[in-house]
Amino acid sequence: MSGRPTPAPLLPGATLGVMGGGQLGRMFVHAAQAMGYATAVLDPDPASPAGRVSHHHVKAANTDTVALAELARVADAVTTEFENVPAPALRELAGQRPVAPGADAVAICQDRALEKAHFTRAGVPCAPYAVIDSPEALAAVDAALLPGILKTATLGYDGKGQVRVADPAGLEAAWQRLGRARCVLEQLLPLQVELSVIVARGADGQAVTFPVQQNLHVDGILAVTQVPAPDVPAALAEQARECARVIAGSMGYVGVLCVEFFVVGGPDGAPRLVANEMAPRPHNSGHYTIDACDLSQFDLQVRCMAGLPLVEPRLHSAAVMLNLLGDLWFEPGYTQPRTPAWGEVLALPGAHLHLYGKTEARRGRKMGHLTFTGATPQDAQAMARQAAACLGLPGF
Ligand code: ATP
Ligand code: MG
């Protein structure tokens, strides 16, 4: 933890603050309040999902120094739900209150080039890549990296700020299209499976992990998460959890961290792990933990920042999570939103509906998620498939 060391755990009754008022902040607030904490949210939107359910809501941007001082005044410790929170804001807060994760770790996660360098330092393989930050760097690119994906080094999410490129001419055009921003070119890998691991690490260095999540993306946005991961051999899953612990530990991380991995076929045909990217906060692929584990990723976020003991979470049910995007609210050919058929999906056993309280549905906007828990993976899958068919969501 950066800033002052926490002499003793912050016990329930204290106030926990979060930078950002989106759905991740809202689920954090719910977990903190369930444990008896008061909460404070920093977000300029008066209708932000987390701000609306928090004890305190500082309605200002995270660059506003007066607002940061106000957050530090009301909150006894501060975390973030938003990846792109400016590192200087975290540093400023850390001078006054315990902040987890710290500014240095967040800065690594915000920048794909720093992130990849960190994976390499930690001894975890990532895709072969080159940093493109000048015409000279562009000209020097090794042709072996093509075909590849050009990604902006900062501010990308949900597949935004990425262009697939086939050859040097395409690469040059793509770099122009991305405004000649600092970028990372990655080799396009033949993905067998995508997975992610959530690790929670305390200021004392203790780290616990959730089971591996298998993720399906559609158009660059997470669509489905399945746990246990149906296509990940146990040894590889264990290796992914260990890699996540090492990645967190080697940057002195405090808080909840999500590491995304690809499984690719190695030269000998055996599947191997490649780290893709990480998020310095709870993650969409970890939402199933609320309903399928005895501790959720948000419970552990609370414990990490409060300096409370961490316990290895236990998966008590198989789970399939379906992301609910705003598209669901729009029938083909209609411009007026309608309410999806919640009644029908809630009639299915094991359904847990989470809606984030966003006032307006928009295409591509994360409105909620629907987790199916089951006694077996087959039970959870069967019900989730029925729900997906009923709502018109992608199959899996
Ligand atoms: P997120 O919403 O997870 O933050 P993002 O926009 O930051 O996404 P990435 O996770 O880097 O982007 O990539 C989005 C998706 O594109 C991946 O989940 C994967 O399906 C695909 N992808 C990314 N990099 C590669 C690669 N090197 N080879 C093959 N596919 C890739
Ligand atoms: Mg990603």
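On a 1 Å grid over the protein atoms alone, a pocket is an open set of points with protein on both sides within 12 Å along at least five of seven lines, whereas a cavity is a set of points where a 1.4 Å probe fits but cannot get out; lining residues have an atom within 4 Å of a point. Grid points are joined across faces, edges and corners, and a volume is the space filled by probe spheres set on the points.

This is a predicted model, in which local features need pLDDT of at least 70 and side-chain atom pairs count only at pLDDT 80 or more, while totals for chains, interfaces and linings use all residues. Residues are numbered from 1 along each chain as its sequence is written.

**Helix H12**

Helices (H or I, at least four residues) and strands (E, at least two) are DSSP runs, numbered from the N terminus. Glycine 392, with a positive phi near 80 degrees, follows H12.

Buried residues (under 20% relative accessible area, 1.4 Å probe, protein chains only) of H12 are Ala380, Gln381, Met383, Ala384, Ala387, Ala388 and Leu391. Their cover includes strands E12 (221–227), E15 (318–325) and E17 (366–374), together with helix H11 (342–346).

**Cavity and pocket**

One cavity of 30 Å³ or more is found in a search of the whole structure. The lining of the largest cavity consists of Gln226, Val227, Pro228, Ala318, Ala319, Val320, Pro377, Ala380 and Gln381. Two or more of these lining residues come from each of E12, E15 and H12.

The second largest pocket has 22 lining residues, and those nearest its centre are Leu325, Asp327, Gly392, Leu393 and Pro394. E12, E15 and H12 each supply at least two residues of this pocket's lining, with E12 giving the most, four residues.

Volumes and lining classes are set out below. Ala, Val, Leu, Ile, Met, Phe, Trp, Tyr, Cys and Pro count as nonpolar, Asp, Glu, Lys and Arg as charged, and the others, Gly among them, as polar.

| Space | Volume | Lining residues by class |
|---|---|---|
| Largest cavity | About 40 Å³ | Seven nonpolar, two polar, no charged residues |
| Second largest pocket | About 380 Å³ | 14 nonpolar, three polar, five charged residues |

Note on methods
Chains are lettered from A and ligands numbered from 1 in the order in which they are written. Side-chain values use heavy atoms; hydrogens and water are left out. Buried means under 20% relative accessible area, exposed over 50%, partly exposed in between (1.4 Å probe, protein chains only). Contact means heavy atoms within 4.5 Å.
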